[in-house]
Amino acid sequence: MKNWAANFEYSAARIHRPTSVEQIQEIVRGSRKVRALGSRHSFNDIADTPEDLVSMEHLHQVLAIDREKQTVTVQGGTAYGQLCGELHREGFSLPNLASLPHISVAGACATATHGSGVDNGCLSTAVVSMDVVVADGSLVNFTGRQLDGAAVGLGGLGVVTSLTLKLAPTFELAQDVYEELPFEQATANFEEIVSSAYSVSFFTSWSGQKIDQVWVKRRTPSEPRSEFYGAAAATSARNPLPGFSPANCTDQMGIAGPWHERLPHFRMEFTPGSGEELQAEYLIPFPNAVPALRAIAELADQIAPLLHISEVRTIAADELWMSPFYRQRCIAIHFTWKKNWAAVQRLLPIIEARLAPFQARPHWGKLFMMPPAQFQPLFERLPDFRALLTTHDPEGKFRNPFLDRVLS
Ligand SMILES: Cc1cc2nc3c(=O)[nH]c(=O)nc-3n(C[C@H](O)[C@H](O)[C@H](O)COP(=O)(O)OP(=O)(O)OC[C@H]3O[C@@H](n4cnc5c(N)ncnc54)[C@H](O)[C@@H]3O)c2cc1C
């Protein structure tokens with residue numbers, strides 16, 4: 001079995017598809033090396049294991065919406081797209097979503113998956129409780145401050161069988177796209193621009209001294225801006241990928257709609273089940289945003305030929321140990337690459353060396369070449385995380401080569 005992008009083949013000897021928590025407990029008890037598998041949207045070996053892979057695909061029920069506590073509890077294989085419509089109909093929302101809704105909640109939270117917005121934390125910050133089958137097969141609940149260590153668990157703590165997420169009242173957003181933002185305007189007014197709406201993303205191919213598109217998701221009621229730092233309002237709907245149809249993108253042109261139909265860039269019903277792309281992303285403390293963007297722009301000649309598109313987003317600080325946003329607001333510089341791993345593999349170390357002075361950390365679920373010695377000092381709670389895993393998994397059942405590298 002391969003991941004969504006089909007650039008990685010899982011090496012597991014056995015793939016299980018349990019339909020109950022009891023079955024998961026049985027699999028974990030009987031296994032020497034085991035790992036949960038979400039919707040397979042990661043690009044690296046983070047979800048792999050040599051022995052027993054536990055696909056969560058049959059466990060995707062919304063278990064309960066607690067109106068009083070304003071929470072929802074979902075099974076460990078639920079995708080955001082399976083949840084959001086129901087939340088909206090019940091009058092609730094989640095504060096943020098990733099760029100497409102097909103990703104599983106547990107898998108997204110395990111890797112600190114994020115959307116954009118200076119005041120929006122990564123998706124893991126919504127977790128208020130998690131039930132996990134740990135290495136001895138018992139079901140352990142993590143809540144309160146325990147989640148600081150457990151929420152971004154990199155799949156190493158056990159199999160998350162259910163998660164409870166904090167909700168907010170449902171809300172509407174309108175999405176406007178602006179084109180050809182001059183790069184100098186973008187850098188001179190960076191904080192003002194990214195703080196100008198609920199969620200702001202830059203899309204750029206790094207060529208021509210401009211940001212190709214700025215996607216602005218604003219709360220309603222509000223008016224679109226007639227002037228946007230020298231960028232022009234798009235005259236029709238756009239796809240972030242130059243030349244691609246906007247048909248599979250969420251509504252733009254200022255048309256108001258519910259949060260879950262505006263926060264993801266791509267519609268639930270259209271996104272393909274596999275992708276002709278590779279992804280890498282680096283998370284950089286907000287004060288280093290502008291010099292980091294300038295450093296990447298200097299590599300435009302090397303980046304542009306291999307790139308579909310880059311996206312720049314912002315993420316609020318959190319308290320989660322293995323989150324790249326631990327106690328610091330960050331920007332994310334993302335690359336959607338053409339599927340040419342040989343060439344991308346040569347370029348990533350060049351990009352990573354350029355970003356090193358800005359304390360760049362890799363996205364756990366995407367491709368990176370950075371040696372652990374480069375990013376480990378940037379995760380000050382890594383020793384605590386290692387100890388947490390040892391407490392619940394003394395024999396390393398859930399350890400895999402990815403975690404061995406990260407924690408080595
Ligand atoms: C097209 C596309 C768009 C993307 N957009 C964004 C984006 O906007 N923002 C962003 O930050 N990232 C984005 N990503 C990356 C993606 O969100 C992460 O890779 C995420 O971890 C994928 O979740 P998944 O369910 O597919 O997990 P998998 O890839 O299946 O697994 C990832 C990790 O989660 C663990 N895991 C999964 N389920 C469980 C469970 N039930 N219990 C315990 N551990 C579990 C696995 O063991 C593994 O360690 C995107 C990826 C793709 C392919």
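1. In the hairpin of E7 and E8, five residues lie between the strands and glycine 137 has a positive phi near 90°. Strands (E, at least two residues) and helices (H or I, at least four) are DSSP runs numbered from the N terminus. The model is predicted: local features need pLDDT of at least 70, side-chain atom pairs count only at pLDDT 80 or more, and totals for chains, interfaces and linings use all residues. Residues are numbered from 1 along each chain as its sequence is written, and side-chain values use heavy atoms, with hydrogens and water left out.

2. E7 (residues 127-133) and E8 (residues 139-143) pair in the antiparallel sense over five bridges; two strands pair if DSSP finds at least two bridges between them. Methionine 130 has phenylalanine 142 in E8 as its bridge partner. E7 is also joined to E9 by six bridges, and these two strands run antiparallel. There, valine 132 has valine 160 of E9 as its bridge partner. Five of the seven residues of E7 are buried, so the strand is largely enclosed by the rest of the structure. Buried means under 20% relative accessible area, exposed over 50%, and partly exposed in between (1.4 Å probe, protein chains only).

3. A second hairpin is made by E4 and E5, with four residues between them, and glutamine 70 in its turn has a positive phi of about 55°. The pairing of E4 and E5 is antiparallel, over four bridges. Isoleucine 65 is partnered by valine 72 of E5.

4. Helix H2 (residues 80-89) has Tyr80, Leu83, Cys84, Gly85 and Leu87 buried. These buried residues pack against E4 (62-66), E5 (71-75), E6 (92-93), H3 and E9, where contact means heavy atoms within 4.5 Å. Just after H2, glycine 91 takes a positive phi of about 90°.

5. The ligand is surrounded by 36 residues, the closest being Ala36, His41, Ser99, Ser104 and His114; a residue is near a molecule or strand if one of its heavy atoms lies within 4 Å of it. The shell divides into 16 nonpolar, 16 polar and four charged residues. For this count, Ala, Val, Leu, Ile, Met, Phe, Trp, Tyr, Cys and Pro are nonpolar, Asp, Glu, Lys and Arg are charged, and the others, Gly among them, are polar. E2 (34-37), H3 (105-110) and E9 (159-166) each supply at least two shell residues, and H3 gives the largest share, four residues.

6. Asparagine 239 sits in the loop between E14 (232-233) and E15 (257-258) and is buried, with a relative accessible area of 6%. Its side chain reaches the backbone nitrogen of leucine 241 at 2.8 Å, and a polar atom of that side chain lies 2.8 Å from the backbone oxygen of serine 245.

Methods:
A polar contact is a pair of N or O atoms within 3.5 Å; within protein, one must be able to donate a hydrogen and the other to accept it, and residues adjacent in sequence count only if both atoms are side-chain atoms.
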